[in-house]
Amino acid sequence: MSQQAHFIVLGNEKGGSGKSTTAMHVAIGLLRLGYRVGTIDLDARQGTFTRYMANRFEYIGRHKLPLPSPVHFPIEKSKAATVEEQEREDHDFFMMATEELRHATDFIVIDTPGSDTYLGQLAHFYADSLITPMNDSFVDLDVLARIDTGTKAIKAPSIYTKMVMEQRENKKNRDGKTLDWIVMRNRLSSLDAKNKREVGDLLEIIAKEFGFRLSTGFGERVIFRELFLKGMTLLDMKEDPEHKMTMSAISARQEVRDLLRCIAPEHLKGYPDKK
Ligand SMILES: Nc1ncnc2c1ncn2[C@@H]1O[C@H](COP(=O)(O)OP(=O)(O)O)[C@@H](O)[C@H]1O
Ligand SMILES: [Mg+2]
């Protein structure tokens, strides 16, 4: 295991695409594989990741469950008077949290706000892996690229994609490493197979153009809401006394494991597929 933590950032400028839900599942998934994990919520004003974590602490305490939890830092955007002061404060808090975690953990999982902020940019700057969940529709493709609706040709990268490509260049110049960008389709519906295939085909083309990998993604599952309220993940089902194992939940758990393998195949080599 390396001396420095691997930074996994959840990013997508659109809210409601599944960043916080995925951040939680990735963090708990890695913990359960035996890794040391730290988490940072840069969207502390909305606070979904932080509330998810608080729900977990509460639920684990109440049921006395032997379940792992990460060291968690919420960072709220600075309210200083000037933009310069705000950025300095945001930078200092971010560096403090990551310094604290960098040598003490194997992975740092960072959730970002659904909009373009300085904190969000900092996280993308330091990312080793970037995971972008996106809702599975044509409309949501525009978070990655401008598409000609008639011909379905790619017209230009989106502002977000441009930013990621810039940060990738920064990273290469800084430490000679490449940023591993993974786009993950979320809320896949089994109903509209044609739409699903068309979005998939276009994503393959966009992926080649802008250099990201595609993971299989998560299906649309009502269980995510219930899990949030309890602070549980699909990976905790066995130990959760209130959970009823369903086929849907088992398939969903497999999707989470597929994502974990996609993020860090070199770390997970030899990881047995525990059923
Ligand atoms: N695969 C899914 N199926 C059903 N609901 C989902 C799924 N992924 C996320 N959600 C729900 O969508 C809402 C937004 O998800 P969230 O992770 O908070 O997105 P973001 O952090 O990008 O704003 C939450 O209520 C969450 O429970
Ligand atoms: Mg969120």
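Predicted model: local features only at pLDDT ≥ 70, side-chain atom pairs only at ≥ 80, totals over all residues.
1. Residues are numbered from 1 along each chain as its sequence is written, with chains lettered from A and ligands numbered from 1 in the order in which they are written. Local features need pLDDT of at least 70 and side-chain atom pairs count only at pLDDT 80 or more, whereas totals for chains, interfaces and linings use all residues.

2. Overall form: the protein has nine helices and nine strands, which are DSSP runs numbered from the N terminus (helices H or I, at least four residues; strands E, at least two). Its radius of gyration, taken over C-alpha atoms, is 18 Å, close to the 19 Å from the globule rule for 275 residues, so the protein is as compact as a globular protein of that length; the rule is 2.2 Å times the number of residues to the power 0.38. The C-alpha trace spans about 55 × 50 × 35 Å along its principal axes.

3. Helix pair: helix H1 (residues 19–32) and helix H2 (residues 48–63) have axes that come within 9 Å and cross at roughly 45 degrees, the axes being lines fitted to C-alpha atoms over the stretch in contact, with angles running from 0 to 180 degrees between N-to-C directions. On the H1 side the contact is made by Ser20, Ala23 and Met24, and on the H2 side by Thr48, Phe49 and Tyr52.

How values were computed. Contact = placed C-beta atoms within 7 Å.
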